[in-house]
Amino acid sequence: MSEERETRLFMISPDSMLTPDQLVRMVHAMGMEATVKETCYGCLVEGPSKLVREILAAVREKYPYEVFSKVRAYPCGDPRRCRAQHGTRPGFAQLEAEWAALPLIEHGLKCSDEGKKYKAHEEEKQLPLDDFKKICEASR
Amino acid sequence: MKVFIDPPNSMILYDLVERFGHEPLSAMAAIQNKIDNIEVDMPPMNVTLDDVIRGLKYAGVEVPSGIRGRLAMWGPLIEQADAAVIMIDAPFSFGCVGCERSNEMVKYLIKRRGIPTVTVYYPKNEEEAETVVGQVKEFLEGLK
């Protein structure tokens with residue numbers, strides 16, 4: 001990935017009382033020379049990679065369970081993606097699905113930080129051959 | 001360490017890998033390389049001749065072009081990876097919905113590399129979410 005430019009997407013968990021506006025103000029108040037764009041789910045932050053990482057660390061420190069982040073390939077306002085210029089937004093379904101799952105992940109992170117033990121997922125077992133034969137014969 | 005995430009565009013996995021101190025390898029990084037270095041109209045939908053050749057390394061010519069196109073982008077990431085985190089049983093809109101065969105191929109390529117891998121199930125309730133985060137954290141902290 002390019003070290004020159006990094007665009008990051010910050011998404012607020014639906015369980016949080018934090019608003020995109022508050023998040024944007026917090027980033028602006030850091031006084032760093034990064035572009036910040038408020039979105040419906042949180043905000044986009046763009047700038048040199050080092051600067052964006054500093055902002056990410058500050059946001060994670062202040063909102064450890066409420067704000068999630070990933071890099072975004074396209075720069076802010078890129079005409080190929082920007083809604084104002086009728087760009088396509090193929091990542092929308094993915095973001096919507098992840099937004100819905102964030103409260104669960106938030107809960108998981110809190111439990112993990114509290115040192116709570118988790119219950120391991122049961123391994124899927126192969127169907128015994130005899131049972132498989134019975135199923136095949138039943139539907140004959 | 002470089003950790004490949006599957007689905008490669010997942011924010012949850014990207015965030016978890018980064019949070020627990022590793023570098024996630026994602027589709028976003030591969031697409032950004034195209035955006036920054038090659039002037040094409042609509043990455044990742046546009047492919048170059050190089051992409052087609054690269055895709056052939058991971059899937060035969062008889063494989064549908066959509067799968068080859070995806071593997072041209074994700075294959076090099078899998079080759080760089082030191083470990084992988086895979087999430088399965090997710091709703092259809094979670095991750096790349098192009099073709100289940102490309103997802104199968106990705107899992108096969110990861111398995112063939114023989115790198116440390118953790119497979120987690122998409123959480124449907126709080127207890128399962130504890131398991132997902134716990135498993136991912138334990139796996140990532142155990143990587144040296």
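This is a predicted model: local features need pLDDT of at least 70, side-chain atom pairs count only at pLDDT 80 or more; totals for chains, interfaces and linings use all residues.
A residue counts as buried when its relative accessible area is under 20%, and as partly exposed when that value lies between this limit and 50%. Over all chains, the count comes to 16 salt bridges.

A welcoming place to start is helix H3 of chain B, residues 49-58, which holds both Arg54(B) and Asp51(B). Three residues, about one turn of the helix, separate the two, and their side chains meet in a salt bridge with an N to O distance of 3.2 Å. Asp51(B) has a relative accessible area of 7%, so this residue is buried. Arg54(B), at 34%, is partly exposed.

Salt bridges that share partners also build one network, made up of Glu6(A), Arg8(A), Arg53(A), Arg60(A), Asp15(B), Glu18(B) and Arg19(B). Within chain A, Arg53(A) pairs with Glu6(A), and their closest N and O atoms are 3.0 Å apart. This pair links distant parts of the chain, with Arg53(A) in helix H2 (residues 49-62) and Glu6(A) in strand E1, 47 residues apart. Glu6(A) is buried because its relative accessibility is 1%, while Arg53(A), at 36%, is partly exposed.

Another salt bridge joins Asp36(B) to Arg5(A), with 2.9 Å from N to O. Here the contact crosses between chains: Asp36(B) belongs to helix H2 (residues 27-37) of chain B, and Arg5(A) to the segment before strand E1 (6-12) of chain A. Arg5(A) has a relative accessibility of 12% and therefore counts as buried, whereas Asp36(B) is partly exposed at 31%.

Terms used:
Residues are numbered from 1 along each chain as its sequence is written. Chains are lettered from A and ligands numbered from 1 in the order in which they are written. Side-chain values use heavy atoms; hydrogens and water are left out. A salt bridge is a side-chain nitrogen of Lys or Arg within 4 Å of a carboxyl oxygen of Asp or Glu. Helices (H or I, at least four residues) and strands (E, at least two) are DSSP runs, numbered from the N terminus. Buried means under 20% relative accessible area, exposed over 50%, partly exposed in between (1.4 Å probe, protein chains only).
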